[in-house]
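I opened my notebook to look through one model, step by step. Here is what I looked up, in order.

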Amino acid sequence: MDEPDGATPLDPDELAGLRHRHVTTRGQLDRLEQANIQEALAWLPRRRKGGVLTRDFVAALHRRMFGQVWRWAGSFRRSDKNTGVAHEQIEEQLRMLLGDVLYWVENGTFSPMEIAVRFHHRLVSIHPFPNGNGRHARIIADVLLTECFGLPGIDWAGGQGLQAMTGRRTQYITALRAADLGDYAPLLAFAGVPDAG
Ligand SMILES: Nc1ncnc2c1ncn2[C@@H]1O[C@H](COP(=O)(O)OP(=O)(O)O)[C@@H](O)[C@H]1O
Ligand SMILES: [Mg+2]
């Protein structure tokens with residue numbers, strides 16, 4: 001299957017976890033995943049609130065988003081990818097990230113938008129799951145903004161759709177690469193923070 005730039009290809013073990021045997025194209029897979037994500041978005045406001053910055057919520061959200069499509073949804077990677085930390089490091093890196101974000105929230109270290117943007121980038125950099133990391137980390141950043149700060153989520157797609165290879169996606173991947181080097185200004189500008197870029 002063709003992957004957009006900045007996407008992680010699946011290895012054969014991961015592909016074997018596909019619950020739908022008839023899927024042959026990326027378009028079919030995208031639609032199945034999208035329907036599952038819609039259900040997760042409907043579950044979010046109905047569930048018992050709180051605990052966003054916990055390992056359990058990070059995993060539960062991924063399982064809710066992809067559990068009808070992938071058997072391994074909600075489970076962390078067991079192999080290494082081009083992107084992301086060594087798979088043995090995922091638990092520890094995630095624990096440190098969640099601790100950092102909690103500290104930023106409690107101490108107002110950054111603005112709410114900057115906390116959400118930094119959380120998003122660090123989470124996709126860890127790349128905890130075999131697939132779906134980008135979509136999961138965008139939604140969880142929005143959950144943080146809405147539930148912890150009472151703010152609207154980020155307009156990630158900017159009216160274009162981020163999964164496909166659009167100008168908006170190129171801008172997003174470029175901004176993540178700048179953040180990899182410690183420069184958050186492009187990702188903040190992408191997220192719509194005034195005067196960030
Ligand atoms: N240089 C990078 N640094 C950090 N994250 C990146 C980088 N390049 C891509 N990503 C993230 O990885 C995601 C792709 O990983 P993947 O697990 O396939 O997620 P999805 O299936 O939701 O697209 C991108 O959407 C982006 O969030
Ligand atoms: Mg992917």
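I call a residue buried when its relative accessible area is under 20%. The model is predicted, and I kept that in mind throughout.

**Entry 1: helix 6.** I began with how much of this helix is covered. Helix 6 is mostly covered, with 12 of its 17 residues buried. I listed the buried ones, and among them are Asn 133, Arg 135, His 136, Arg 138 and Asp 142.

I then checked the span. From first C-alpha to last, helix 6 reaches 23 Å, close to the expected 24 Å. Just after the helix, I found Gly 150 with a positive phi of about 65 degrees.

What do the buried residues of helix 6 pack against? I found helix 2, helix 3, helix 4, helix 5 and helix 7.

**Entry 2: Arg 135.** I picked one residue from helix 6, which runs over residues 133-149. Is Arg 135 buried or exposed? Its relative accessibility is 9%, so Arg 135 counts as buried.

Next I looked for its partners. The side chains of Arg 135 and Glu 33 are joined by a polar contact of 2.7 Å. Leaving aside neighbours within four places in sequence, I also noted contacts of Arg 135 with Ile 37, Met 65, Phe 66 and Gln 163.

**Entry 3: ligand 1.** Which residues are closest to ligand 1? I wrote down Asn 131, Asn 133, Arg 135, Tyr 172 and Asp 180, out of 19 residues that surround the ligand.

I checked the polar atoms one by one. Arg 135 has a polar side-chain atom 2.8 Å from an oxygen atom of ligand 1. For Arg 138, a polar side-chain atom lies 3.4 Å from a ligand oxygen. On Asp 180, a side-chain N or O atom is 2.8 Å from a nitrogen atom of ligand 1. Taken alone, the ligand exposes 570 Å², and the protein buries 95% of that.

**Entry 4: the core.** I turned to the largest nonpolar core, which has 56 residues. Trp 70 and Phe 119 have the most contacts inside this core. Helix 6 is one of the elements that give two or more residues to the core. Helix 5 gives the most, with eight residues. In soluble globular proteins, nonpolar side chains tend to be buried together.

Last, I followed Trp 70. Beyond four places in sequence, its contacts include Leu 10, Leu 18, Leu 29 and Asn 131.

Methods: Residues are numbered from 1 along each chain as its sequence is written. Chains are lettered from A and ligands numbered from 1 in the order in which they are written. This is a predicted model: local features need pLDDT of at least 70, side-chain atom pairs count only at pLDDT 80 or more; totals for chains, interfaces and linings use all residues. Side-chain values use heavy atoms; hydrogens and water are left out. Helices (H or I, at least four residues) and strands (E, at least two) are DSSP runs, numbered from the N terminus. Buried means under 20% relative accessible area, exposed over 50%, partly exposed in between (1.4 Å probe, protein chains only). A polar contact is a pair of N or O atoms within 3.5 Å; within protein, one must be able to donate a hydrogen and the other to accept it, and residues adjacent in sequence count only if both atoms are side-chain atoms. Contact means heavy atoms within 4.5 Å. A nonpolar core is a set of buried Ala, Val, Leu, Ile, Met, Phe, Trp, Tyr and Cys residues joined through side-chain atoms within 4.5 Å. A residue is near a molecule or strand if one of its heavy atoms lies within 4 Å of it. Accessible areas come from the Shrake-Rupley method with a 1.4 Å probe; for residues, only the protein chains shown count as cover. The expected span of a helix is 1.5 Å times one less than its number of residues.
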